Amino acid sequence: MVAVDTPALSSRAQTEIDNELEALEEKMRALRTRRNSFSPISSIPPEILGAIFVHHAQQTQLLYAPDDPAVLSWLNVGHICRHWREVAIGTLELWATPFLNSSQATEEMLTRSKMAPINLRSGPRYRMDSVQKTLMHIERLQEVSLPFLNGGMTYRCIMEFLNKLSSCSAPKLQSLLLEEEFAQTLRIAIPTSFLAPNLRSLQIKYCDLSWASSVLTGLTVLDIKNLSPECLPTLDELISALRRMPALHTLELEDALPTFPLQTTSLPRAPRAMNVRLPHLKRLRLVAKVLEVANVLARIELPDSTMLEVQLGCRASSSRNTNQEWKLSLPIISRALESCFKATPAKFNRVPRSLRLFGVGRIHVQYSTIRNPSSWVGSMIDTCLDPEWAAERPVVLDFDFPAETNTAILSDLWRLVPIRGLEALYIEGFFACWDGFWTDLLGRGAAPNLAYIHLRGTPQALEDLIISLRSRKHSLARSVCRRSQRGPIFSPALSHLVLDNLEFDPSFSYFTRTSDLFDVLIDRANEGRALDHLTITRCVGISAHDVRLLREVVADVHWDGCESLDDYDLEYDYDSLEDDDDDDYGFYGDGDYYYGETYVEY
């Protein structure tokens, strides 16, 4: 008798087969795991493998913003094999930086990190509930980094967290960054009582605090920007706070310095014994009115260190005589910068070898101990924030003064920093020059070792350079604008001149012409001061014939072959742009976010 094939029997048979297949797959997985255990990489102890995963995750976090889904690409290590996944899940530190764009991801990572110290790092896009969940673990917080766009819910959330710190300790908190993008009516206020005994880094912008707050104790990094006028410290309050931070290595104060009465005509003096010593300081950045910067500099003893980086941003006061402000501040700034290059055994390599000057309205100056810093290759507009600057340990000065005071500042640059050992000079921008600009800039012979000049986009500076290069004994060069070179021979060691993005005009007698350059180079050659290298790029008004003549007096002439703007390809290839990768790793994006305080739903 033939059995009847009913649907129930078929279903049961399929289930049995499915169970057998599942058992076979599990057995195959087990066999693969056993096979993988014999590979060399499986001999790495789990704790070392976990440390490798942590390092990989940290490097990934450096590459991407905290709100970029790609910051989670390190999760791929858990997809390699079962052993790696188990190690990844068991490595608590891997999960200690919650991804704040997803409530589910935040909750899962907080759970997997167990009691490990956690880092709250937010970009402009985040979920408010994710931030709140993370801040609830106050006893585990190690880092809080929260830039935000405006007040509202973020303001209330942060103030609740800070107020909690007045009564509830955050024993593991080491770093706190709170940065408002723009000034707001409601400001975050750091409480006077702040129970974070291990806090070492404080960075705030458009937030306020009391200079008597316990938060200003034991710090190694202090970065304060844009305090409210009523929260600005007195000089004594600032010095007292700095004394409570003997291990401080980074000090940045922008619009957070003591102010002066409008009638101030001199800077107060104090005995040197009252100054604050910061022996471990590696980075000093002060940005404010020039008298305020000078006032603070006068009270700080800079260390004898080859690693010190100094950046000063000085602006004029609209209600004072700007020339008088500059003259009052010059000796103090000069004395502070001189200490950076003071000749001591510890500073044998701190001689300024390069100077870079950029001017478009304001004056930006950088000194470096390297002759040709790699970050100076491009335009200063492109590299003014290049992180390589720190590696080159520069002194950076930024002056925002009226044009009539800029002349005095440029003439005094050689007084600010000892430049006798200067070997390379980069000048870029557009600013007013004068007869004798180059000799005034370099202190009339104060830079005898200057061998390299790079001039970009500064026609007036080119004109005066031509005049300065003329021979005093005999000259084939015509008088440009009826001016002549005076004083000692200019830059006697000059061997390499770079002219970039400049304009020669042969049609007007009072404009700089290529024949003027040719004549002064002959002058130099006749006096035994010939150039070895001449580089001409992106210059207008120069021809192949001109270059042939120049090669008669300069051994090495590099020219890009372009004679006019028509030779340059200025079109932008929009078709070459590619769409951004929209992959958000699925599970790790919920679809609604905060951009600062703007709620967006997808």
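Me: Which residues are buried in α8?
Reply: This is a predicted model, in which local features need pLDDT of at least 70 and side-chain atom pairs count only at pLDDT 80 or more, while totals for chains, interfaces and linings use all residues. Residues are numbered from 1 along each chain as its sequence is written, and side-chain values use heavy atoms, with hydrogens and water left out. Helices (H or I, at least four residues) and strands (E, at least two) are DSSP runs numbered from the N terminus, and buried means under 20% relative accessible area, exposed over 50% and partly exposed in between, with a 1.4 Å probe and protein chains only. Helix α8, residues 290-297, is mostly covered, with 8 of its 8 residues buried, and these are V290, L291, E292, V293, A294, N295, V296 and L297.

Me: What covers the buried residues of α8?
Reply: The cover is judged by contact, meaning heavy atoms within 4.5 Å. The elements that cover the buried residues of α8 include α7 (235-243), β11 (283-289), β12 (300-301), β13 (309-315) and α9 (322-340).

Me: Is D412 buried or exposed?
Reply: D412 lies in helix α12, residues 403-416, and, leaving aside its neighbours within four places in sequence, D412 is in contact with W326, K327 and L330. Because its relative accessible area is 5%, D412 counts as buried.

Me: Which backbone nitrogen does the side chain of S368 reach?
Reply: S368 has its place in strand β15, residues 362-368, and is buried, with a relative accessible area of 1%. S368 and P352 are 16 residues apart in sequence and, C-alpha to C-alpha, 5.4 Å apart in space. At 3.1 Å, the side chain of S368 reaches the backbone nitrogen of I370.

Me: In the hairpin of β14 and β15, which residue takes a positive phi?
Reply: Two strands pair if DSSP finds at least two bridges between them, and here 7 bridges join β14 to β15, which run antiparallel. G359 stands opposite I363 in β15. The hairpin has 1 residue between the strands, and the residue that takes a positive phi, near 85 degrees, is G361.

Me: What is the bridge partner of S354 in β17?
Reply: β14 is mostly covered, with 6 of its 7 residues buried. β14 and β17 pair in the parallel sense over 7 bridges, and within β17 the bridge partner of S354 is A424.

Me: What is the volume of the largest cavity?
Reply: On a 1 Å grid over the protein atoms alone, a cavity is a set of points where a 1.4 Å probe fits but cannot get out, and its lining residues have an atom within 4 Å of a point. Grid points are joined across faces, edges and corners, and a volume is the space filled by probe spheres set on the points. A search of the whole structure finds 2 cavities of 30 Å³ or more, and the volume of the largest cavity is about 40 Å³.

Me: Which element gives the largest share of the lining of the largest cavity?
Reply: R356, L357, Y426, I427, E428, H454 and R456 line the largest cavity, and the elements giving two or more residues to this lining are β14 (354-360), β17 (424-430) and β18 (452-456). The largest share, 3 residues, comes from β17.

Me: What share of the 602 residues of the chain counts as buried?
Reply: The secondary structure of the chain comes to 16 helices and 23 strands. Among contacts between residues at least 6 apart in sequence, 68% join residues at least 24 apart. Of the 602 residues, the share that counts as buried is 51%.

Methods
1 Å grid on protein atoms, 1.4 Å probe; cavity = no way out; pocket = protein on both sides within 12 Å on 5 of 7 lines; lining within 4 Å. Polar contact = N/O pair within 3.5 Å; in protein donor to acceptor, adjacent residues only side chain to side chain.
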